[in-house]
Amino acid sequence: MRVLKATVSIVLLCLVVWIFNTRIGLMPPIGKVLDPGHGIWKNADPLNTSGTMNITTARPRSDILVNYDKDGIPHIFADDEFDLYYAQGFVTARDRLWQMEMQVRLAAGRLSEVFGRRSLGRDIFYRRLGLASAAEIALDSAMKDPGTRIALEAYSAGVNAYIHQLDPSSCPIEYKLFDCRPQEWNPLSSLLTLKLVGETLTGGESEFNMSNARMCFGREVANELFDQAFQDDEPVIPTSVSLPRVTNSGPARTETPGSNNWAVSGSRSANGFPLLANDPHLKLTLPSIWYQLQMQSPHMSVYGVSVPGIPCVVIGFNRDVAWGMTNAAADVADWYHIEFRDSSMKEYRYNGKWEPAMCRIERYQLANSGVAYDTIVYTRQGPVVYDSRTHVKRDYPRQKGMTEGFALRWTIHEKSNDLKTFYLLNKAKSMDDYRKALTYFSCPAQNFVYAGRDKNIAMVSSGRFPLRNQGQGEFILDGSLSGDEWKGWIPMDHVPWVENPARGFVSSANQVLTGPEYPYYIPGHFSLPYRAQRINDRLSTMCPASVDSLRLLQNDSYSGIAAATLPSLLSRLHPERIRNGEEMVRSLKEWDYTFEKNSTAATVFATWWSELYTAIWKDEMESKHMALTWPDYRKTVYLVVNDTNSHWIDNINTPGKETLGDIADASFQKALYELRRKYGPLGDSWKWGNTHVCSIPYIAGIPSFGIGFAGVSGAPNTINALSDQFGPSWRMVVELGPTVKGYGILPGGQSGNPGSYYYDNLLRNWQEGALHELLFLHTENDAKDHIQYTLILKK
Amino acid sequence: MLFFIVFILGIASDLLIPAWWSFVPIAFVSGFFWGRGSLQSFLAGFLAVTLGWTFLILIRSVPNHHILAERAAHFFFMPHWAFLILATSLLMGIIAGFSSFSGYLLRKAVKWKNI
């Protein structure tokens, strides 16, 4: 009996130890994870690290010194270029290794190696998008260039030096939670990351829903509803600038979250030198999308934000120049309908004949065990992303009896060395250097703003723009017709640009790029014009401009939509029909159209506008039982202000004919009902800062590592375009001059470690619209009071 | 005696050996040699590791101001960092107690001295 008892007890003990040592599904190995000596507690970084740390690594050519300032930002001092990028790789991995690896796995379609079958669908989609082959093509170009080659190789060596000195207990916390080990880094990893950024910035798949709209309403109505070209929009490139002369007239021009950038010339600034501001708006995440750093060698000194995984600074400044980017929002990807001969998908119709397709089998290794396969079919237009087997575009009607697919033609697949743009910008000394650097940029096109100590300012919408026929690419194209193919590229010296315009500033806010005189057709997913109009209105009266006036402009929450529509809506509203709404109507009449956190009117308007928008479009858009993109706010503004008798306003589901006044009354009543239901009687709980709840999720879907917050100003379609999960991912203002000064802030922090103080230490000041002075150190002994600790990478 | 051996060796082994379960054999062997009864064996192992791990976790978590503990607590659906530290230590304490108890049972089974 005693033997039995002891045996049962020992077996049970072993079983418990085994269970606590094993990852089961996504449940981490609890014992390993909670081990104080080697588990997650090792990632609890002490708050006040100070002094000097020495790390001996394999490859630097001489000692590299890295001063970390009090915001956790590294300032690298290296003796040569190799060591500079080596240190960049090392310090970035030290703070962001898991994020870097996840980005590479996402781009390469290899997430299921860590997360198992639940990530397989996404992996298949990403491999079909072809980012991996695009990165391989880019690698070929980048390795042929001595500059980008050294940057990529040194950066990889630095990341690997960091990985090699890790043991399982010193790995980032996520490797412990998912029980895996870091992957080796190589130059291809960096280019996969670059392509992933390109994918994020390329617009969506509007062609599918546009084609549906054409099917439902006819081409003319679809164009009317979704037209991007409003004559009174202010384009990025002012209409007054000289335009490229095109002898062969070619196709003529007819013609969404967003970013802002602008530069103000010295003639309008307080110190006589230009000022530059940039706040790229993206889906916010923790850790932050950007990683701040300063990199200095005897030949260059640059400060700004980089993308973890990619060498060089992407947005920033050096002693002589500052630059920034917004998405040009041009359409650089088209979808082609492919008709296959049979279900084997080995041949597809092209110009009346059957052409052979190229097929490649992809193998997916799943976490723990198991393998999956997928065949990617390549046509002359590009890879087939959706097809009849598994991935027919869900929302698009199938054609009966046909094996069909949708191939993607995308500028990201073209041969290019985009990295060289940043490599050269980091060292640029003049506007000429900046213009030269931009000629290497390919996908997707960006509005690069420039301000220099040479007192020049400029804006160039740089990248590869396909040469298309009028209207080509708005709808799904026919892959069987050579006539539907792209016709080449807009020449690099014809891309939209402006230098030192008479108005004394340049600006962009993802709006339409060019005026009607521009000789090429550039379609896009352009943002509504309201942010751009507000920026231009404010800049044209801002004299002298200063760092603080530009910071305030970045935080401006004036709503062009409200200003345009509210007078018309209030004049049509029948207050006598609204129960208990007098106070809300009065607050709207007194409102200054700003989405400030203390405004109650902002909440009332936002809810009313949303109800009104639904009331106008829902009846028609849902009557067709097909996936349709609803017309945007600009079309809605147009109906409310200019076309108040439009048939779209009537609710087709009622026998009567509703007027704008009827719809305004009903939607106002409904908005008040909703607000009272959610927030009780009118009071402080109705303030915009309370009702506008934002969140910054953690990258790998662990909710407790994300952050939710309220109490902030700003709203979509205002300059401070903060929506529930999108917003300014980096705010920067740079004052050029004899000594350059930079100011900036991230919505989060430098560290990717949820257990670090630096994970979200900047968030509060970012919410309040403050900027931190960016320490631009000239020597390694500068500003010692601001240095928290020093890291030396030894030979 | 049993408590002190498991407490000291448990802390030392966690710092030196990269395996969270290093206290399990220590508690087992200690229970085998120094266990004096079922309850005493269990309690000595339980208390030694509960206190030992609480100490080990706190020396890391206090300088961190419990930032990690707070986020990790939410990851495991707990409302406060203290719950995570307590739950971790108690859980490991139970395993340790169970281990020294098993050691004691083995000694009884093989009739090693005095039993």
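This is a predicted model: local features need pLDDT of at least 70, side-chain atom pairs count only at pLDDT 80 or more; totals for chains, interfaces and linings use all residues.

Mentor: Residues are numbered from 1 along each chain as its sequence is written, and chains are lettered from A and ligands numbered from 1 in the order in which they are written.

Trainee: What is the radius of gyration of chain A?

Mentor: Chain A has 22 helices and 29 strands; these are DSSP runs, H or I of at least four residues for helices and E of at least two for strands, numbered from the N terminus. The globule rule (2.2 Å times the number of residues to the power 0.38, with the radius taken over C-alpha atoms) gives 28 Å for 795 residues, so chain A is as compact as a globular protein of that length. Its radius of gyration is 28 Å.

Trainee: Which strands stand at the edges of the sheet of eleven strands?

Mentor: This open sheet of chain A has the order β1-β29-β2-β3-β7-β8-β9-β10-β18-β19-β21, with mixed pairing; two strands pair if DSSP finds at least two bridges between them. Each edge strand has a single partner strand, so one side of each is left without a neighbour in the sheet. The edge strands are β1 (51-56) and β21 (497-499) of chain A.

Trainee: Which residue stands opposite A:H75 in β7(A)?

Mentor: Strand β3 (residues 74-77) and strand β7 (residues 291-297) of chain A pair in the parallel sense over three bridges. The residue opposite A:H75 is A:Q294.

Trainee: Which residue of β22(A) stands opposite A:V264?

Mentor: The open sheet of six strands has the order β22-β4-β5-β26-β27-β28 in chain A, with antiparallel pairing. Within it, four bridges join β4 (residues 260-264) of chain A to β22(A). The residue opposite A:V264 is A:F505.

Trainee: Are the residues A:F505, A:V506, A:S507 and A:S508 of β22(A) buried or exposed?

Mentor: A residue is buried if 20 or more other C-beta atoms, placed from the backbone, lie within 10 Å of its own, exposed if 12 or fewer, and partly exposed in between. In β22(A), A:F505 and A:S507 point one way, and A:V506 and A:S508 the other way. All of these are buried.

Trainee: Which helices of chain A do the buried residues of α19(A) pack against?

Mentor: Helix α19 (residues 633-641) of chain A has several buried residues, among them A:R634, A:V637 and A:V640. Contact here requires C-beta atoms, placed from the backbone, within 7 Å. The helices are α11 (219-226), α16 (560-572), α18 (600-623) and α20 (660-679) of chain A.

Trainee: How far apart do the C-alpha centres of the two domains of chain A lie?

Mentor: By an automatic or database domain assignment, chain A is divided into domain 1 (228-330 + 429-468 + 491-554) and domain 2 (560-691). Their contact takes five residues from domain 1 and five residues from domain 2. The C-alpha centres lie 34 Å apart.

Trainee: Which element gives the largest share of the side of chain A that touches chain B?

Mentor: The contact takes 33 residues from chain A and 30 residues from chain B. Elements giving two or more residues to the side of chain A are α1 (2-20) and α2 (30-34) of chain A. The largest share, nine residues, comes from α1(A).

Methods: Two residues are in contact if their C-beta atoms, placed from the backbone, lie within 7 Å.
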